[in-house]
Amino acid sequence: MNIENDIKLDYSSVLLRPKRSTLGSRKEVKLTRRHIFRNYKPNLVNIQREYDFGGVPIMASNMDGVGTFTMAEELGKLGLFTCLVKTYSIKELVEFFNTSTIAREHVAYSMGITDNDASKFRAVYAGSNSIKYVCIDVANGYSERFLNYVASIREEYPNVVIIAGNVVTSDQTQELLLRGADIIKVGIGPGSVCTTRIQTGVGYPQLSSVIECADAAHGLGGHIIADGGCTCPGDVAKAFAGGADFVMLGGMLAGHDEGGGEIITKTYKTDQVKIKEEVVDTEYPKVLEYNPVYEEKHFIQFYGMSSDAANTKHFGGLKDYRASEGREVLVPYRGPIANTIQDMLGGLRSACTYVGAEKLKHLPKCTTFIRCQDTHNRVYE
Ligand code: 5GP
């Protein structure tokens, strides 16, 4: 048994220290990035390879209510990226990849590591012939079987960008890159609807795993995604500041029209009242009667992809040797995603301005993290 005594950090353990800068306004900050991937071999004939990815490096997670076609279309228009849920049919996927104008550059096909997953991918790839990104993800990216699977997909498809995960340590980040992955998905247990840390005791503080895995990946020309644990735009800024090339979001993008869930309305009694009628009484000159005021609130269901809810919906229930590692919640309905994205990108631009980063790319080198006990005032929360 070993004990690591180094302090490991979460987004909630730090703040970004403001610095002097010459930036005039947050409008000047550039949030788009360009990346060339390590193992991807594009089929280019007589075209110079300038860059493989160009866009705002924020990704919608491949979760129900988040990684939908509609979300992909909307985020793609805004320059962001989506990893699709694994549960679309071959027909739906072929049609999407054949017709969507943003699919090739802004969408990843997602798959697991069973033989069925491999044959489904073969069918969709052959049918659409425009898939550039594939996300191979499992809850535990530490198995030999997973590594071999990633290597076999790399061998069969040299011209797809492989996103692989999830891991949290530098050794496995490097191993996956050496086996052929391009972008490593980093995060075990930080997710908003994840219960892995409670069920198993396994995990790694997310900011530290981002910092360590980014450092390991960048040394090999690889890239990483900080996946899970962002609760607000400030956390997204901290993930980029820690070296993440991409940030993947589930909960922060849940509850929107584009996620496709059913809107659930609940009625709550408020602490306000309204006058019902004036009662004239001989004994008391005027008596007022009051009615309580009720208000409606709207919600959308959101759940972890290994929760009971997801297993029941997609696989008819949990297998008897498995335990649920996700929870099910109702998140407030938030309307169209564009408003949320605008708010988030505004926060990110502002973070860059505070530390003097003209481009998102410069955020890590402009960052000094300050360790703290408490990041913000919660008096009105
Ligand atoms: P969030 O942005 O909501 O904090 O985290 C999203 C991430 O949580 C996803 O991208 C995925 O990696 C992870 N996740 C999604 N569903 C589950 C689940 O049921 N269990 C666990 N352990 N992680 C999940």
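**Close-up 1. Strand 11 and its neighbours.** Strand 4 (residues 58–60) runs parallel to strand 11, and the two pair over 3 bridges; strands count as paired here if DSSP finds at least two bridges between them. Strand 10 (residues 223–227) also pairs with strand 11 in the parallel sense, again over 3 bridges. Val247 is a handy place to start looking: Ile58 stands opposite Val247 in strand 11, and Val247 is also the bridge partner of Ala226. Strand 11 (residues 246–249) is covered on both faces, with Phe246 and Met248 buried on one side and Val247 and Leu249 buried on the other. Buried means under 20% relative accessible area, exposed means over 50%, and partly exposed lies in between (1.4 Å probe, protein chains only). Strands (E, at least two residues) and helices (H or I, at least four) are DSSP runs, numbered from the N terminus.

A quick note for all the views: this is a predicted model, in which local features need pLDDT of at least 70 and side-chain atom pairs count only at pLDDT 80 or more, while totals for chains, interfaces and linings use all residues. Residues are numbered from 1 along each chain as its sequence is written, and side-chain values use heavy atoms, leaving out hydrogens and water.

Close-up 2. Asp137 and Lys185 meet through their side chains in a salt bridge (3.1 Å, N to O); the term means a side-chain nitrogen of Lys or Arg within 4 Å of a carboxyl oxygen of Asp or Glu. Asp137 belongs to strand 7 and Lys185 to strand 9 (residues 183–186), so this pair ties together parts that are 48 residues apart in sequence. Lys185 also forms a salt bridge with Asp227 (2.8 Å, N to O). Shared partners join Lys86, Asp137, Lys185 and Asp227 into one network of salt bridges.

**Close-up 3. Arg34 with Glu50.** The whole structure holds 15 salt bridges, and one of them joins the side chains of Arg34 and Glu50 (4.0 Å, N to O). Arg34 sits in strand 2 (residues 33–35) and Glu50 in the loop between strand 2 and strand 3 (53–55), so the pair ties together parts that are 16 residues apart in sequence. Both Arg34 and Glu50 are exposed.

**Close-up 4. A patch of positive charge.** Lys30, Lys359, Lys361 and Lys365 gather on the surface in this patch. Patches are made of residues with over 30% relative accessible area and no salt bridge; like charges are joined within 9 Å, and nonpolar side chains (Val, Leu, Ile, Met, Phe, Trp, Tyr) within 5 Å. Lys and Arg count as positive and Asp and Glu as negative, with His and the chain ends not counted; each charge is placed at NZ of Lys, CZ of Arg, CG of Asp or CD of Glu. Lys359 lies in the loop between helix 11 (337–355) and helix 12 (363–366), and is partly exposed at 34% relative accessible area.

**Close-up 5. A nonpolar surface patch.** Strand 12 (263–279) and strand 13 (287–303) each supply at least two residues of the patch. Val273, in strand 12, is exposed, with a relative accessible area of 52%.

Methods. Accessible areas come from the Shrake-Rupley method with a 1.4 Å probe; for residues, only the protein chains shown count as cover.
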